[in-house]
Amino acid sequence: MTSIEDTDSSPEQVRHVSHLMRERDFREFAATSHCDKRAQLADELAERYGGRDDVLCGSVDGEPICIGGTIEAWPNVVSLLFFATPAFPRIGLRITRFIRNELFPRYIEAGVHRIQAISLDGHVEVHAWLGALGMTQDGPPFRAYGKNGEDFIQFARIENVRAAGS
């Protein structure tokens, strides 16, 4: 029987997934990094996200498959981080259900009113997945947002917004 687990990510897990990440994920993360090589990017991501309690690793039978994070950008606003290896379909449905049905509701219950993510323009599959998580495109593309002029699109899920000052 296949075992699937979600644990806090270690630098080694982040580095492993980064080395093997899908090509589209590599293009997206490289566009907002000084790195152009996978090994460099893997080291940078491992240093930045490994060992954080707001970044998880999804694994199958001990093999790290995906890294996902919910970084509090400022009070009550969470920015998503996600990348995966080509093996993601092995756990994709389970991870999607967990995020949509358990993780996001916990954040909203705790007072988060905005969950946001940015994605490289043209990543149709990723944008559809963000839609499955209940997120919608939030405004026009960010033009020339990446280091080589790549456009990005912001997605958001907004809940329970209060009027300013209340």
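Visitor: At roughly what angle do the axes of helix 2 and helix 3 cross?

Guide: This is a predicted model, and in it the axes of helix 2 (residues 23–31) and helix 3 (residues 38–49) cross at roughly 70°. They come within 11 Å. The two helices are therefore roughly perpendicular to each other.

Visitor: And is the crossing left-handed or right-handed?

Guide: Left-handed, as helix 2 passes helix 3.

Visitor: Which residues in helix 2 and helix 3 meet there?

Guide: From helix 2 you have Glu23, Phe26, Phe29 and Ala30, and they meet Arg38, Leu41 and Leu45 in helix 3. By class, that contact has 5 nonpolar and 2 charged residues, with no polar ones.

Visitor: Switching to helix 5. Which of its residues are buried?

Guide: In helix 5 (residues 124–132), those are Val126, His127, Trp129 and Leu130. They sit on the same side of the helix, because they cover an arc of only 155° around the axis. Val124, Glu125 and Ala128, on the other side, are exposed.

Visitor: What covers the buried residues of helix 5?

Guide: The cover includes helix 2 again, along with helix 4 (92–109) and strands 4 (77–84), 5 (114–120) and 7 (152–158).

Visitor: Last one, helix 1: which residues are buried?

Guide: Gln13, Val14, Val17 and Ser18 are buried in helix 1 (residues 11–20). Looking down the helix 1 axis, the buried residues fall within an arc of 130°, so they line one face.

How values were computed:
Residues are numbered from 1 along each chain as its sequence is written. This is a predicted model: local features need pLDDT of at least 70, side-chain atom pairs count only at pLDDT 80 or more; totals for chains, interfaces and linings use all residues. Side-chain values use heavy atoms; hydrogens and water are left out. Buried means under 20% relative accessible area, exposed over 50%, partly exposed in between (1.4 Å probe, protein chains only). Helices (H or I, at least four residues) and strands (E, at least two) are DSSP runs, numbered from the N terminus. The arc is that of the directions from the helix axis to the C-beta atoms. Axes are lines fitted to C-alpha atoms, for helices over the stretch in contact, and angles run from 0 to 180 degrees between N-to-C directions. Angles under 35 degrees count as roughly parallel, over 145 as roughly antiparallel, 65 to 115 as roughly perpendicular and the rest as oblique. A crossing is left-handed if the near helix is turned anticlockwise from the far one by less than a right angle, and right-handed if clockwise. Contact means heavy atoms within 4.5 Å. Ala, Val, Leu, Ile, Met, Phe, Trp, Tyr, Cys and Pro count as nonpolar, Asp, Glu, Lys and Arg as charged, and the others, Gly among them, as polar.
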